[in-house]
Amino acid sequence: SNPLHRHVHQDMQQPLCHYFIASSHNTYLSGDQLLSQSRADMYARVLQAGCRCVEVDCWDGPDGEPVVHHGYTLTSKILFRDVAETINKYAFIKNEFPVILSIENHCSIQQQKKIAQYLKEIFGDKLDLSSVNTGDPRQLPSPQDLKGKILVKV
């Protein structure tokens, strides 16, 4: 890879909403949206390729364990916990800027609580729990302010 690509050449002090963010849709899928395998290692791949927003489609799984898959299809299911652990391991290897988890939530309250528990346990201090309660986007933190942080949008 080009060593020049490793250096940031932009002002990263502006509010987060001032930037285009490399995002991944159906991140967990290794192939098509109907029949393919869901794999936690797909998160490792896209995060190391520079993606900063990943999609996590959460559904109720057996034994109280939330799962990730493309709902109402024949895609395979993976444990939410495995996805979170993979994201935690690979989020900041190549890039310190924040990672946004775009969670599509289809879970019962009980399994939502399990997801919250895993987010706190697995990400620890990386999880940004500050809430932004302003209608003014100029008040959003900057990518520089959020280095090393995991943000959750639902």
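Modeller: Buried means under 20% relative accessible area, exposed means over 50%, and partly exposed lies in between (1.4 Å probe, protein chains only). This is a predicted model: local features need pLDDT of at least 70, side-chain atom pairs count only at pLDDT 80 or more, and totals for chains, interfaces and linings use all residues. Residues are numbered from 1 along each chain as its sequence is written, and side-chain values use heavy atoms, with hydrogens and water left out.

Colleague: Is Cys 51 buried or exposed?

Modeller: The relative accessibility of Cys 51 is 8%. Because this is under 20%, Cys 51 counts as buried.

Colleague: How many disulfides are found in the whole structure?

Modeller: A disulfide is a pair of cysteine sulfur atoms within 2.5 Å. The sulfur of Cys 51 is 6.7 Å from the closest cysteine sulfur, in Cys 53, which is too far for a bond. For Cys 107, the nearest cysteine sulfur is that of Cys 58, 5.3 Å away. The search of the whole structure finds zero.

Colleague: Which residues are linked with Glu 65 in a network of salt bridges?

Modeller: A salt bridge is a side-chain nitrogen of Lys or Arg within 4 Å of a carboxyl oxygen of Asp or Glu. Glu 65 meets Arg 81 at 3.4 Å, N to O, and Lys 114 at 3.5 Å. The residues linked with Glu 65 in the network are Arg 81 and Lys 114.

Colleague: Which residue forms a salt bridge with Glu 96?

Modeller: The closest N and O atoms of the pair are 3.5 Å apart. The partner of Glu 96 is Lys 147.
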